[in-house]
Amino acid sequence: MAFISDALLRVKPSATIAATQKARDLKAAGRDVISLSVGEPDFDTPDNIKRAAIAAIERGETKYTPVAGIQPLREAIAAKFKRENGLDYKASQTIVGTGGKHILFNAFLATVNPGDEVIIPAPYWVSYPDMVAIAGGTPVAVETRMEHGFKLQAEDLDRAITPKTKWLILNSPSNPSGAAYTHAELKAVTDVLLRHPHVWVLTDDIYEHLTYGDFKFVTVAQVEPNLIDRTLTMNGVSKSYAMTGWRIGYAAGPDKLIKAMDMLQGQQTSGACSIAQWASVEALNGPQDFIPERRKIFETRRDLVVSMLNQAKYLKCPSPEGAFYVYPSIAEAIGRKAPGGKKIETDEDFVAALLETEGVAVVQGSAFGLGPNFRISYATGTQVLEDACAKIQRFCASLT
């Protein structure tokens, strides 16, 4: 009898975490490494949010909390959805988890049975398929194309839906491509979902506030109110408020789904960290003026990286609408030789050779279900990005 569960055998290690750890290990060994593999804002948590956490500690807010979250935070979440997204959720229709990943995990564990299918547009965040697999479901990747901005097309979605389909996951803006859906693009998707009433949609809106230029963010239930009773709208404080380590994600959805997730979480982690929840109340209710300031910095970085990568030999890098990632194609580099003599046959070969030759750590596109590409996170300083992109240009020029 095997000791490790079958569920765990269906899971692969996170490629983004692995790439980040490899860069750390090389640095510890004395190598000069620039890591562009981690999806974490380099900004600090705003001071008013820190002060709210300190005040909560001083008030003694250090006890267990209700499983679904403290009432002030659930009310702040409902108010945020109303204020920013035009969505009418009651506080009782919200839930707080230990990060957005926890929310997603619980949604699948609470709803997915063996044989259920979950449609995931590729490229996708590395954890989606494994979460579905752990829950016993079948992840169904639907490839997008660079000429469509890496966005799911309505006809491709329609073809992928079967009687076994339970969920569609939509991540906009996207990790890893930065692609974000316009109102019209989302409407085409929701029109398909209206024709298939057994399919639910999980929207991962964690990068909502990181969109650039004149792009206007919209979410599924906002575009098509008739889908609100089969939509889970997920968000969190990690990216917009630079609170990755505070581990607070949240969602809103139909009563029956939220109650099921609440029951599951009660036997799993119970309530999220009390101090982080009080800090999140201030994040959602407090001043938001720093968000556009930081967004402008990210936009400048995006433009720099896209420009420099498009000047590199053999690379094609579209300019994404949001998040803090770019997803360049290396199709023209496949079949060429790296300076060490190794032939570049896959994007994984490209990434390994880039790290070995120039000390730049990125993540291969195959980890996100679509290649040959690689992902760069530009959530770091301008000088670091300039140096890294110059090294990538030099590496590409050295391919023969």
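**Loops and helices, step by step**

Reader: Where is the place of Phe-150?
Author: Good place to start! This is a predicted model, where local features need pLDDT of at least 70, side-chain atom pairs count only at pLDDT 80 or more, and totals for chains, interfaces and linings use all residues. With helices (H or I, at least four residues) and strands (E, at least two) taken as DSSP runs numbered from the N terminus, Phe-150 falls in the loop between β4 (138-143) and α7.

Reader: Does Phe-150 count as buried or exposed?
Author: Buried means under 20% relative accessible area, exposed over 50%, and partly exposed in between (1.4 Å probe, protein chains only). At 9% relative accessibility, Phe-150 is therefore buried.

Reader: What is the phi of Phe-150?
Author: Most residues other than glycine have a negative phi. Phe-150 is not a glycine, yet its phi is positive, near 60 degrees.

Reader: At what angle do the axes of α5 and α10 cross?
Author: Axes are lines fitted to C-alpha atoms, for helices over the stretch in contact (heavy atoms within 4.5 Å), and angles run from 0 to 180 degrees between N-to-C directions. The axes of α5 (residues 100-111) and α10 (residues 255-266) come within 9 Å and cross at roughly 105 degrees.

Conventions:
Residues numbered from 1 in each chain as written. Heavy atoms only, no water.
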